[in-house]
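Open the viewer and get ready to select residues by number. We will take a short walk, one stop at a time.

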Amino acid sequence: MRKTVISFAILALSACCALMAAAQDTLFVCADHQSGINPTTCNLHNNHDDVIYNVGVIMNAGNSELAPYFISSNVGGTITQQYSALATASIHRLMNHGSRFSWGAGVEAWGGYASSAGYQRYAGNDKFEVQKQHPARVWLQQAYVQAKYRSIFAVAGQAYKTSPILKGSLSSGDLVWSTNARPPVGLRAGFIDFQNIPFTKGWVQIQGEFGYFREMDDKWLENHYNYYNYFITTGKWLHYKSLHLRSNPHQPVVFTIGAQSACQFGGTADYYIDGKLDRTVKMDANAKAFFRTFIAGSGGNSAGDSFVEGNHLGTWDIALDYKLPNYGTLRAYTQWLWEDGSGIGKMNGFDGLWGLEFRQDPYNYVSGAVIEYIDFTNQSGPIHWTPNDHEGTPITSHSSGADDYYNNYIYSGYQSRGMSIGSPFVKSPLYNQDGYMRYRDNVLRGFHAAIEGWFTTEWYYRLQGSYRKAWGTPIIPRAGSADDFSMMVQANYHTHKGWAFQAQFAIDRGSLYGNNWGAVLGISYSGSFKFKK
């Protein structure tokens, strides 16, 4: 019931404000996905050029078949292997936010060599074989068109989406929709940034959007799955929506509160037992299913979704900003993750992401710093319990316990091509080289810290570090625990003529990821020009 109320509230408020909001436009910031050669590319239109482009080459090497945590995380799934030599090119036509109607488009392509990693696959007669798998030699990372009218935008295609709460360059990652996985293909629409709510005189603003997507990772799953136990789900859809309210941003103290919700639905699940196909379950992806995912309605006739349509998860988001006198902004924020009604009602204890962030203008020695605490150890209790399981109980819909974050009984984890769509702080299924396509260590807690700045207007640096300890999952706990310490240092040199050079070094230490090291080198050229009608 709570999910239905939230969905209807998002729909009603969005419709109301879409009709009544004034034509108040703000800059639609370029995607901050840190793929990484030149973090200032998106600022090249300061001379009023509306087309920006970037070409580059990026190489990495390490001592493990898969890249260390900080090299592979929050880069859109572009760098995941031990070795790679990749060329990348992108061009984006930006929307004009000074006009009532405007449009934009963009393409980003990657290609080159990436090494293979071995994944186990059942070969019959109780034997397994190792099959080498590598990313596609050429792929589209982004390809989209977008348009705006007044304060409303729509994007069609494959495009990055930034977090409404967290900063991509420093944070460990949004719990619902981070920049860790390759963007899906679909359509989304909503408000461009926060917009004034009528009759509040600017004291309350609203931001919201929704969309439907295809993850397009069926071949990746089929190539990496072990075909021995559990299941593989292909052909699935993804729905996303969000709603956030903010107080007057021109005041010294700014409060933001809201929610995000995502849902995997549709698709076909093939269940295997001891290497043999046991059964196939097909979920609905018709018009009713699209509607029921939006309002979190009953699964109806869908064989895999008897309670609600699809695999739902989301967060409650809260942030408080304080503008320091003449010295940047201090932000405290939290995201409370939920997987079902018990989590929505915050019956999962201290679970979530808790952070403190400092920001000031670029080109300072310290332009930003973040420290975060992530805790996923409660998960609404260790035992899944539904009162209706016991005859005679008056409550028929409440359930709690064993939320099993990012896992689901019929979907192959909340991931795309092995990378977590949510927080990369949870070890992604990509690293399961035994071909198990689910999360193994989502009961965890740990810390993440990062700092960035500019020594001069040419030299940029970033440092990141994290520590975590994991105890398996609520369904399959570890006998003990596994831990990890990861660290990364990055330096970029930018010329005033568009050239940029990047160097990055990262390590993992511990039993969760192993003892790994990796390095990245890159060079790129960026520029801009005026689009002629």
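How many bridges join β11 to strand β14? Keep in mind that this is a predicted model. Now select residues 268-273, which make up β14.

Zoom in on one pair. Pick Y230, then Y272 in β14: they are bridge partners.

Next, widen the view. Strands of a sheet pair through backbone hydrogen bonds, either parallel or antiparallel. Here, 3 strands form an open sheet, in the order β11-β14-β15, with antiparallel pairing.

Now move to the surface. Select W203, V204, L245, V253, F255, I257, L320, Y322, L330, L356 and I371. Together they form a nonpolar patch with about 910 Å² of accessible area.

Which strands each supply at least two residues of the nonpolar patch? Colour β13 (253-265) and β16 (311-323): those are the two. The largest share comes from β13, with 3 residues.

Last stop: L356. Find this patch member in strand β18, residues 352-359. Is L356 buried, partly exposed or exposed? Its relative accessibility is 40%, so L356 counts as partly exposed. The cut-offs are under 20% for buried and over 50% for exposed.

Definitions and conventions
Residues are numbered from 1 along each chain as its sequence is written. This is a predicted model: local features need pLDDT of at least 70, side-chain atom pairs count only at pLDDT 80 or more; totals for chains, interfaces and linings use all residues. Side-chain values use heavy atoms; hydrogens and water are left out. Patches are made of residues with over 30% relative accessible area and no salt bridge: like charges are joined within 9 Å, nonpolar side chains (Val, Leu, Ile, Met, Phe, Trp, Tyr) within 5 Å. Accessible areas come from the Shrake-Rupley method with a 1.4 Å probe; for residues, only the protein chains shown count as cover. A salt bridge is a side-chain nitrogen of Lys or Arg within 4 Å of a carboxyl oxygen of Asp or Glu. Helices (H or I, at least four residues) and strands (E, at least two) are DSSP runs, numbered from the N terminus. Buried means under 20% relative accessible area, exposed over 50%, partly exposed in between (1.4 Å probe, protein chains only). Two strands pair if DSSP finds at least two bridges between them.
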